[in-house]
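Hi,

Here's the structure I said I'd pass on to you.

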Amino acid sequence: MREKPIYLTPKGHDELTKELDQLRDIRRAEVAEKIRIAKEYTDTVDNAEFDQAKNEQAFVEGRILTLENMLSHAVLIDPDHIRHDVVSLGVKVEAVDEDGERSVYAIVGSAEANPIQGRISNESPLGQALLGKKVGDVVEFTAPAGVFHYTIVSIE
């Protein structure tokens, strides 16, 4: 089965690479030391510190595997090749909703999405509705709170 591509901006790729390096080079050693110290206290049976350290190790190793997989399937969004006449990955879109409220969204891959910061995934309902549209187009999308309509004001 073929893995789906993970779309990343250069900044997002750098951030994930830094996180991976930090987990491999620093956190892994810190957790190993916690396990070593916890083993010295007493037997590993009924040893809360040991159990906690092992759980932390499992989390760190799981995150390392996730990041390695994401980065191995990464497709970089080249800012020099982004078209600004249609909504695509890597652009910022300003849109107005039915109540006249303006919002700005950066269209990014799912690994970089953070709706609170205005970074929406190309796989989200709004992201999918916006892709391929132009200034002046009205998009409709369905979310858990209902059906929404946005008019695209600008693409940068």
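Below is what turned up, starting with the aromatic rings and ending with some charges.

One thing to keep in mind: this is a predicted model.

Searching the whole structure gave three aromatic pairs. One of them is Tyr105 with Tyr150, and their rings sit edge-to-face, with 6.3 Å from centre to centre and 85 degrees between the planes. What I like here is where the two partners come from: Tyr105 belongs to strand E4 (residues 102–108) and Tyr150 to strand E7 (residues 146–155), so to speak two distant parts of the chain, 45 residues apart, linked by the pair.

Are these two tyrosines buried or exposed? Tyr105 has a relative accessibility of 14%, and because buried means under 20%, Tyr105 counts as buried. Tyr150 is buried too, with a relative accessible area of 10%.

Tyr150 also pairs with Phe141.

Now for the charges. On the surface there's a patch of negative charge where Glu98, Asp99, Glu101 and Glu140 gather. If you want to find Glu101, look in the loop between strand E3 (92–97) and E4. Strand E4 is also where you'll find Tyr105.

Cheers

Key
Residues numbered from 1 in each chain as written. Predicted model: local features only at pLDDT ≥ 70, side-chain atom pairs only at ≥ 80, totals over all residues. Heavy atoms only, no water. Phe/Tyr/Trp six-rings, centres within 6.5 Å; stacked < 30°, edge-to-face > 60°. Helix = DSSP H or I, 4+ residues; strand = E, 2+ residues; numbered from the N terminus. Buried < 20%, exposed > 50% of the residue type's maximum accessible area, 1.4 Å probe, protein only. Patch = residues over 30% accessible without salt bridge, like charges linked within 9 Å, V, L, I, M, F, W, Y side chains within 5 Å. Areas by Shrake-Rupley, 256 points an atom, 1.4 Å probe, with all protein chains shown as cover. Salt bridge = Lys/Arg side-chain N within 4 Å of Asp/Glu carboxyl O. Lys, Arg positive; Asp, Glu negative; His and termini not counted. Charge placed at Lys NZ, Arg CZ, Asp CG, Glu CD.
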